[in-house]
Amino acid sequence: MMRSFFSLGLFVLASSAAVHGATPRAGEVAIKPWAVLTPPGENIACALGTLYVPENREKPDSRVIGIGFLRVKAARATGAPPTFHLPGGPANSYLLNLNANKADPAARVAPIGYVEDIALYRAISDVVYFDQRGYSQLGEVLTYSYQTKDYPLTEPNSLQRERDELSEVAKGAMAHYAAKGVDLTGYTAHQCATDVNDLRKALGYDKVVLIGQSYGGQWSFATMRLFPHIVARAVLSGIEPLDLSYDMPSHVYEAMRRQWFTAEQDPKLKPYLPPGGIAGAVREIAKRLEKAPLQVPVKDEKSGQTVTITLGRDDFRPGEPAAILAVYHGRYDTWARGALNRRRAHRSSVPVIGPLIDTALAVTPLRRHLLHTDAATEVIGWWNFDDYMATEELWPTKDAGDEFRTEVQTTTPVLFVQGDWDTSTPMENLVQVMPFFVNSRALLVRHGEH
């Protein structure tokens with residue numbers, strides 16, 4: 001039976017504990033009638049709810065935490081399973097993006113893209129947007145704020161500096177949340193997948209359709225691995241399989257090169273292209289910086305004075321074609337200002353579920369070897385994975401295990417959607433995982449990004 005229902009047109013709280021103000025128990029949900037606004041000013045009737053789950057299901061005395069969700073009922077009864085929409089990140093919230101948590105009804109204007117998605121999916125079945133544990137305004141948002149160091153301008157950045165900073169963040173976050181009674185060991189992909197199953201049961205659904213993007217897709221892979229019987233089908237985009245939390249540099253580089261090829265056709269850029277095009281410029285910049293760091297004068301916006309900053313190999317991270325060509329031709333101002341801002345001490349904030357989940361998933365030994373020996377690290381560096389990999393042992397979440405990370409064949413129907421310009425989750429990820437999904441189809445979006 002469903003634990004929430006319509007009665008005389010009103011939603012009823014599914015949890016008696018929530019009604020009487022008692023401490024909620026794991027498995028309970030509290031639901032209230034709600035509405036989000038479309039840009040034209042129309043109300044979309046929905047229900048806003050909180051699912052209560054154990055913070056760590058492996059500990060019998062675990063405290064109970066809340067995770068927010070929003071449900072829009074289907075426009076008509078079809079008998080189709082609901083779509084469960086899982087956000088990326090880790091540390092993202094569809095409810096936050098929808099402005100669904102605003103107390104003022106006039107502030108609940110949903111972006112037009114979400115309005116269109118709701119209209120599309122509710123024509124088929126119920127639509128459920130689900131937050132992530134540890135990143136939900138209807139539960140807890142676990143962030144750690146800290147002051148960065150004032151790094152010397154006379155030394156270039158280094159991978160070791162970034163490792164050291166993330167190490168200090170890990171130690172500080174653990175101490176901060178231990179003092180608050182928060183068990184950081186409970187924030188893993190395993191627990192997130194079980195949250196989906198718990199919400200399914202609490203809302204009375206037999207099966208669900210998973211709609212996941214980026215980490216939402218990885219979350220979906222975890223759910224299909226642990227609870228294959230509950231997933232009717234899935235639509236996944238920005239493909240991030242369980243063993244691919246750390247992107248292969250050569251695959252990221254290939255996505256960049258596909259972007260750069262199109263940029264090279266632009267007549268405005270052609271006069272500035274060196275032999276070998278933009279990729280040739282990146283290789284040349286890397287060679288120059290390996291030979292010797294640069295001493296670049298730049299105006300300090302805080303003091304108004306001109307200072308000299310040392311820029312080295314680990315300060316350069318290729319991206320936009322125009323920025324790459326500017327550095328190639330010796331125009332360092334924009335690059336140097338960005339580097340100066342990062343060197344200056346400033347307040348920063350980290351949503352801790354990101355490193356907690358990612359370092360627990362980590363990678364198999366084979367993937368680790370391939371990352372460290374990948375030829376493209378000579379061009380674009382190790383910055384995409386090095387600091388997380390170096391601090392895996394510091395974050396307290398339990399390693400997911402190679403059996404969990406390794407792909408297995410599945411018959412669950414999946415539609416994969418992937419952009420060929422995606423540098424966050426390159427399309428080579430799709431090539432690697434798709435053969436294991438024997439009932440899958442792929443939609444490749446030309447010039448599609450993340």
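In which sense do strand E14 (residues 414-419) and E15 pair, and over how many bridges? Select both: E14 and E15 pair in the parallel sense over six bridges, where strands are DSSP runs of E with at least two residues, helices are runs of H or I with at least four, and both are numbered from the N terminus. Pairing requires that DSSP find at least two bridges between two strands. Within this pair, Leu415 stands opposite Arg441 in E15.

The model is predicted, with local features needing pLDDT of at least 70 and side-chain atom pairs pLDDT 80 or more, whereas totals for chains, interfaces and linings use all residues. Residues are numbered from 1 along each chain as its sequence is written, and side-chain values use heavy atoms, without hydrogens and water.

Next, display the whole open sheet, whose nine strands follow the order E3-E4-E5-E7-E6-E9-E10-E14-E15 with mixed pairing. Strand E3 (29-37) and strand E15 (440-445) are at the edges with a single partner strand each, so one side of each has no neighbour in the sheet.

Proceed to helix H10 (residues 333-343). Its buried residues (under 20% relative accessible area with a 1.4 Å probe, protein chains only; exposed is over 50%, partly exposed in between) are Trp335, Ala336, Ala339, Leu340 and Arg343. Viewed down the axis of H10, they fall within an arc of 130 degrees, so they line one face of the helix; the arc is taken from the directions from the helix axis to the C-beta atoms. On the other side of H10, select Thr334 and Arg342, which are exposed.
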